Amino acid sequence: MKIKKVSINNYRKIDYIEFKLKDSITSIVGPNGVGKSTILDSIRLVKAILLPTMNNEAQTTLQNMGIFSPHLGNIQFSNLANDPRKDVSISLQIKVSEKEILFLENSIGQFSMHRLKSQLPTNNTNTFDLIGYISSFEGNQKLQSIQKETQEKIIELKTNPICNINLSIKVNGQILGENGIDQETISYVMQIENYSMTKFSFFPADRTMPLGDTNIQLGQNDVNQQIQSYSANPQIKFQRLKTTLLNILMINNNDIQSVKDDFKLIFDELLPGKELHGIKLENKTGRLSVLIREKDSGAIYDIDFLSSGEKGLLMTFYLLLKTMDNEGIVLLDEPELHLNPAVCRNIIPFLKSKICKNKNAQVILTTHSAEILSATKDDENLHLLHLIDNRTITKILKKDDSEAQDALKSLGIQTSDILFNKGIIYLEGFTDEDYIPIIVGDLISGYSVKSLGGRSELEKEIKTLQTSDDKDELDGYHIFILDNDNKPFNGKSTENVKVIQWDRYCFENYLLDPDILYNVIKEFDCSNPPNNRGSLQQKIKELALNQVDFKAVRESLDNAIPQNISIKNTLLKNKSNEDIIDIFEKTIIETRRLFEKFENVNWKKDLLNSVETKKEEYIQLWSDDWKKKCDGKSLIKAIHKEFGIKASITKVTKDILKEMKLNPNEEFNSIRGKIEPIIK
């Protein structure tokens with residue numbers, strides 16, 4: 001039995017998605033809060049309502065999911081629907097195996113009785129009531145009709161083994177299932193014949209385990225708890241660790257070695273260096289201890305002293321080994337929680353070899369682990385799905401690196417960065433990563449922020465990504481935020497590669513509001529504090545205009561110094577030796593010409609005049625616009641030094657941003673206005 005296709009419409013965080021599943025392992029990745037766990041919950045919901053394997057499974061499951069109120073006795077539709085004005089529908093396409101079809105054929109009598117019971121007004125009809133009903137004329141006729149339909153269904157399954165399970169929940173709370181015979185078929189295949197085994201098990205992300213001693217109940221009184229733990233009330237799986245171990249031990253005639261072998265399998269492949277030492281009942285306290293031994297040191301301790309991640313992993317995989325029936329379905333929500341990457345790296349190989357291969361089981365899991373993602377992506381026999389938003393889920397294939405992927409690698413971006421976030425924001429400068437989220441943290445929640453340093457090769461990488469985007473070959477959503485630096489960006493944004501350029505020299509230029517600065521500086525211990533707001537404003541402008549001298553000199557020198565006397569490789573490609581010598585000769589002639597002006601004895605005076613002229617130009621240009629034109633980073637440093645602020649520049653800068661957030665000004669709105677329009 002395998003789920004081949006899932007359709008979810010208006011359920012919790014999902015608007016509408018449809019996707020296919022692999023028979024072995026399907027890993028679902030995506031940003032936090034996008035709805036990965038909702039996918040697993042939707043499958044579990046269909047199982048509980050349309051494919052129950054225990055009495056009151058639907059009510060118990062819905063109650064544990066916060067959907068059903070036992071006090072009101074109805075569905076809480078607002079806790080169920082993405083849009084409470086619309087119906088909810090979930091469809092599963094399930095394929096039964098040849099072995100399961102043979103099982104149905106060999107048990108056609110019991111299968112027919114199962115179908116008859118499910119069609120009666122109440123599902124709680126006991127065996128004696130059912131015998132009484134089929135002894136009646138009406139009951140006998142009904143059973144014969146069902147037996148005929150059942151036979152026809154089995155014949156149909158041999159050529160078309162697909163069963164369509166469709167759940168619909170109306171706005172008024174009415175619950176409907178379509179294709180009744182398909183539901184009854186899958187429900188019968190899933191029936192629990194041995195309470196210690198199941199064909200459907202859900203492992204939630206919440207794997208809280210009790211500490212210390214717990215009540216242990218064995219035998220008939222524990223059966224209901226065991227069956228509920230599979231799906232209806234899965235959290236109790238992990239509260240039953242010691243109970244489950246004892247149950248399995250008793251079922252296996254106290255064969256402790258068998259239990260040790262199973263633990264060895266898990267420890268050796270996932271948590272090496274440990275082994276099960278034994279199970280012990282303390283004489284004095286009556287406490288049951290499951291003892292773990294460290295192989296290297298020989299230290300022995302109770303299983304409670306393992307980390308929460310290790311206990312969760314050990315219990316999850318032990319239950320998979322011992323309670324999953326062949327050809328079953330496993331739902332795993334974030335198996336990597338509280339585990340280090342080295343352990344996560346081995347989860348997929350273990351699932352593939354020990355669960356999927358040995359038990360022919362299907363595993364559907366959600367993850368935030370880069371190691372699980374990579375292991376799934378690198379195996380062509382497995383399936384990796386990317387849930388981008390509540391309407392978009394895509395298949396990710398193993399493929400050769402493209403130019404776009406090379407560009408992303410050069411930017412320090414991994415596949416996991418793209419898949420686990422709404423998008424990537426690239427910042428020019430090493431410090432902006434710490435600063436910008438203070439102003440726009442609410443807007444960029446779910447985005448990964450990367451600092452890239454100077455612009456250098458940045459524009460080349462942007463162009464490469466945009467070219468791939470135009471060809472629809474780019475994964476993810478990418479936002480580049482560039483300083484101005486008096487170097488306007490000449491390109492344009494594409495659908496998935498957006499470019500923002502500050503309209504000021506750099507980000508720090510937005511932090512120069514005198515009132516904000518005064519409020520912040522006065523809170524610090526300063527060796528030379530400002531006297532008042534007016535004197536502060538005057539001093540800041542003075543410090544900004546001090547940059548004019550250096551800027552005028554730098555630009556005059558740049559204009560005077562020969563800039564390009566090299567020969568680019570592109571000019572030499574596919575050229576003969578004679579052509580290359582000619583190119584070199586031309587370069588020498590041009591270089592000599594560049595230095596001719598320095599033969600003039602007045603070149604120093606001319607250069608000095610150029611500096612003074614540019615200085616006057618900049619003073620005039622900056623007089624009213626100095627906040628935008630000056631080097632904001634350098635000015636913040638100069639302010640820090642001028643007033644002798646006894647705190648780090650980083651601390652001062654962050655406090656300025658926090659003050660802007662508390663008292664929004666024009667600059668605050670300008671920053672947000674740049675970013676907000678392109679955030680998805």
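In the predicted model, strand E3 (residues 25–29) and strand E15 (residues 383–389) run parallel and are joined by four bridges; strands pair if DSSP finds at least two bridges between them. Thr26 has His383 of E15 as its bridge partner. Helices (H or I, at least four residues) and strands (E, at least two) are DSSP runs, numbered from the N terminus. Residues are numbered from 1 along each chain as its sequence is written. For this predicted model, local features need pLDDT of at least 70 and side-chain atom pairs count only at pLDDT 80 or more, whereas totals for chains, interfaces and linings use all residues; side-chain values use heavy atoms, with hydrogens and water left out.

E3 and E15 belong to an open sheet of six strands with mixed pairing, in the order E9-E13-E14-E3-E15-E16. Its edges are formed by strand E9 (198–203) and strand E16 (392–396), each of which pairs on one side only. From one strand to the next, the twist averages 20°. Helix H14 (residues 370–377) packs on this sheet and touches E3, strand E14 (362–367), E15 and E16, contact being defined as heavy atoms within 4.5 Å. The direction of H14 makes about 125° with that of E15; axes are lines fitted to C-alpha atoms, for helices over the stretch in contact, and angles run from 0 to 180 degrees between N-to-C directions.

An open sheet of five strands has antiparallel pairing and the order E2-E1-E6-E7-E8. Strand E2 (14–20) and strand E8 (175–178) are the edge strands, each pairing on one side only. The twist in this sheet averages 10° from one strand to the next. Within the sheet, strand E6 (residues 88–95) pairs with strand E7 (residues 162–169) in the antiparallel sense over eight bridges. The bridge partner of Ile94 in E7 is Cys163.

Two helix pairs were also examined. Helix H1 (residues 36–50) packs against helix H2 (residues 57–64) at an angle of about 150°, and their axes are 7 Å apart. H1 is therefore roughly antiparallel to H2 (angles under 35 degrees count as roughly parallel, over 145 as roughly antiparallel, 65 to 115 as roughly perpendicular and the rest as oblique). The crossing of H1 and H2 is left-handed, a term used if the near helix is turned anticlockwise from the far one by less than a right angle, with right-handed used if clockwise. In this contact, Arg44, Leu45, Lys47, Ala48 and Ile49 of H1 meet Glu57, Ala58, Thr61, Leu62 and Asn64 of H2. The contact residues comprise five nonpolar, two polar and three charged (Ala, Val, Leu, Ile, Met, Phe, Trp, Tyr, Cys and Pro count as nonpolar, Asp, Glu, Lys and Arg as charged, and the others, Gly among them, as polar).

Helix H21 (residues 547–560) and helix H24 (residues 603–622) pack at about 130°, with their axes 8 Å apart. H21 is therefore oblique to H24, and passes H24 in a right-handed crossing. Residues making the contact include Val548, Ala552 and Leu557 of H21 and Leu607, Tyr618 and Trp622 of H24. The residues of this contact divide into ten nonpolar, four polar and five charged.

Overall, the protein chain has 28 helices and 20 strands. Its radius of gyration is 35 Å, well over the 26 Å that the globule rule gives for 680 residues, so the chain is more spread out than a compact globule; the radius is taken over C-alpha atoms, and the rule is 2.2 Å times the number of residues to the power 0.38. Along the principal axes, the C-alpha atoms fill a box of roughly 120 × 70 × 60 Å.
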